Amino acid sequence: MAKTTQQRDLPRAYKFVVRVLRPLLMVLTKRDWTGVENLPGEGGFIACPNHLSHTDFVMFGHLMYDVGRPVLFLGKSSVFEYPVIGWIVRRAGQIPVYRGSSRAIDAYRAAVDAVRAGAAVAMYPEGTLTRDPDLWPMRGKTGAARVALETRCPVIPVAMWGPQELMMPYGRSVHLFPRKTMRIDVGTPVDLSDLYDAPDQRVAASEATDRIMAALTAQVAALRGQEAPPVRYDPAAHGMTEFGRPERKDG
């Protein structure tokens, strides 16, 4: 496989992760990838996958590397503090997210800078693992939309189905056998151009998020061969905490 400029220019830590994980994924998983022609060949963009397992970022990263557009992920800051993994993800150029703190804006700024520098940046529009009992995409957060509106970059919805068979949301065990098929469908860009110059960017970000989630949900429904719920699941309406394990606020 001839390497692209983006692959050759990766930090050494990123290349190390690829050398370790890619051969394992080729052996341990099967792949059903569609729509990869919708990924921009160059220039910065935001990829918006649904989030249904702690393993799905590895599967999506595999696809992105193999099509020649290695991706940067936004990840919760605690991961960057782990003794070994933290060192690797920091050296690999990934972006920490400081949830609920005064530093939360840092991830937004880093994502904007990365997109403007021509990088592919993955942002989960749900903000965390889905709390929907049937693993449908739930209500969206505006982070990806705000970066897209500021940078005016393409937004690519990416539907995934299969990683949850390896590990369920918030699960602790990995089920490798029999081999699971990682189904990933890359959608066409979500048109947000009419929102770029909207007078109220908060309203525009909300509308942009709705469009991203609608496109993503339709793709997931097609992958699953099922009809999506008419209303996306809202954890707050069910008394759940915003982040972490889905415990009820009312105990």
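Why is helix α3 largely enclosed by the rest of the structure? Hi everyone, let's start there. Ten of its eleven residues, in the run 56-66, are buried, so helix α3 is largely enclosed. Buried means under 20% relative accessible area, with a 1.4 Å probe and protein chains only. Helices are DSSP runs of H or I with at least four residues, strands are E runs of at least two, and both are numbered from the N terminus.

A quick word on the source: this is a predicted model, where local features need pLDDT of at least 70 and side-chain atom pairs count only at pLDDT 80 or more, while totals for chains, interfaces and linings use all residues. Residues are numbered from 1 along each chain as its sequence is written, and side-chain values use heavy atoms, leaving out hydrogens and water.

Back to α3: its buried residues include F60, H62 and Y65. After α3 comes G68, with a positive phi near 90 degrees.

Now, the cores. A nonpolar core is a set of buried Ala, Val, Leu, Ile, Met, Phe, Trp, Tyr and Cys residues joined through side-chain atoms within 4.5 Å. The largest one has 29 residues, and among those touching the most other members are I46, V121 and L149. Elements giving two or more residues to this core include β2 (45-49), β3 (71-76) and α5 (104-116). The most come from α5, which gives six.

Let's look at L149. Not counting residues up to four places away in sequence, L149 touches L192, L195, Y196, Q201, A204 and A205, where contact means heavy atoms within 4.5 Å. Apart from this core lies another, of 27 residues, including A13 and I156.

Technical notes: Buried < 20%, exposed > 50% of the residue type's maximum accessible area, 1.4 Å probe, protein only.
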